Every structure is written in structure tokens, then in C-alpha cells.
Amino acid sequence: MTPLSASGDIHSAQGPPRTGRADRTCPADKNRPVGVGVRRLTALDVRILEGVAVGVSTVRLAASLYLSRQGVEYRIGLMLRRFQAANRAALVSRAHSLGVLSVGAWPPRVVPEFLEPQEEKGDG
């Protein structure tokens, strides 16, 4: 079945064009390169991505993270652009295919290599 755009035009289901590959490899599979635009995620983004992957609603994510609903939607929007995904299902699919989410585990977890290191807080 060929998808329709918002204007009703028929277009290819291939997704956004790929412009190149990063020179580092994916931690889950050393032979598979990581896609363009994939960089380390903050601890907050990790918790939101894992929640989206499990199917937690925006309102529940917001309550558990002590954020507003709009704050969670904003962070999801940033990840949608970063992963070049059209919606939440595509975001989870793209994260899984790039090796960001662990394979064969439930609930899905972000692979530690994709977690941005925490800055140490100094005494003072």
C-alpha cells in the first residue's frame, strides 16, 4: 500500500534520504555503522525514550519526571528531529534499528554507550 501525504499526493514509503554515515560503529553490532545525527542522549532523554518505547503516555511520563506535558512533548519533538522520525512509533523503530535500544530485553533500555556522561558537581 502506498502512503498518502497530507496533501493527498502519493509518495514513496522509503523515508528521509540518507546523506552519509558516521565513522563510528554501533555498540550493539560492531559491523553496523551508526546513522547520521545519532549522538549521546541526556539522562532525561533516555528516560523519555524508554517510556515512549514501552508506551507510557505523555501525561504519565510528565508526572513521573516532574515535568510539564509540554516539556515532555518538546523533548520528544527534539528526538523526532534528531532521529529523523515522523512519529513516536518511527522514533522507537529508528532507535532500535540504530542499536540505541537494547535487543531482546523488555522493557527496552538505552544501551549505556549512548548515555551522555554526567557532569560532576564540584563542592563550593
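At what angle do helix α2 and helix α3 pack, and how far apart are their axes? I looked this up and got an angle of about 105° with the axes 8 Å apart, for α2 at residues 58-65 and α3 at residues 69-82. Axes here are lines fitted to C-alpha atoms, for helices over the stretch in contact, and angles run from 0 to 180 degrees between N-to-C directions. The two helices α2 and α3 are therefore roughly perpendicular to each other, a label for angles of 65 to 115 degrees.

Before going on, I noted that this is a predicted model, where local features need pLDDT of at least 70 and side-chain atom pairs count only at pLDDT 80 or more, while totals for chains, interfaces and linings use all residues. Residues are numbered from 1 along each chain as its sequence is written, and side-chain values use heavy atoms, with hydrogens and water left out.

**Who meets whom**

From α2, I found Thr58, Val59, Leu61 and Ala62 meeting Arg69, Val72 and Glu73 of α3. Contact means heavy atoms within 4.5 Å. Sorted by class, this contact of α2 with α3 holds four nonpolar, one polar and two charged residues. For the classes, Ala, Val, Leu, Ile, Met, Phe, Trp, Tyr, Cys and Pro count as nonpolar, Asp, Glu, Lys and Arg as charged, and the others, Gly among them, as polar.

**Arg69**

I picked Arg69, which sits in helix α3. Skipping neighbours within four places in sequence, I see Arg69 in contact with Thr58, Val59 and Ala62. I also checked Ser57, which lies 12 residues from Arg69 in sequence and 9.7 Å from it in space, C-alpha to C-alpha.

**The core**

Which residues touch the most other members of the largest nonpolar core? They are Leu49, Phe83, Val100 and Val110, out of 24 residues. Such a core is a set of buried Ala, Val, Leu, Ile, Met, Phe, Trp, Tyr and Cys residues joined through side-chain atoms within 4.5 Å. Two or more residues each come from α1 (43-54), α2, α3 and α4 (88-97), and α1 gives the largest share, five residues.

**The whole chain**

Last, I stepped back: the protein has four helices and two strands (DSSP runs, numbered from the N terminus: helices are H or I, at least four residues, and strands are E, at least two). Of its 124 residues, 29% count as buried.

Note on methods
Buried means under 20% relative accessible area, exposed over 50%, partly exposed in between (1.4 Å probe, protein chains only). Angles under 35 degrees count as roughly parallel, over 145 as roughly antiparallel, 65 to 115 as roughly perpendicular and the rest as oblique.
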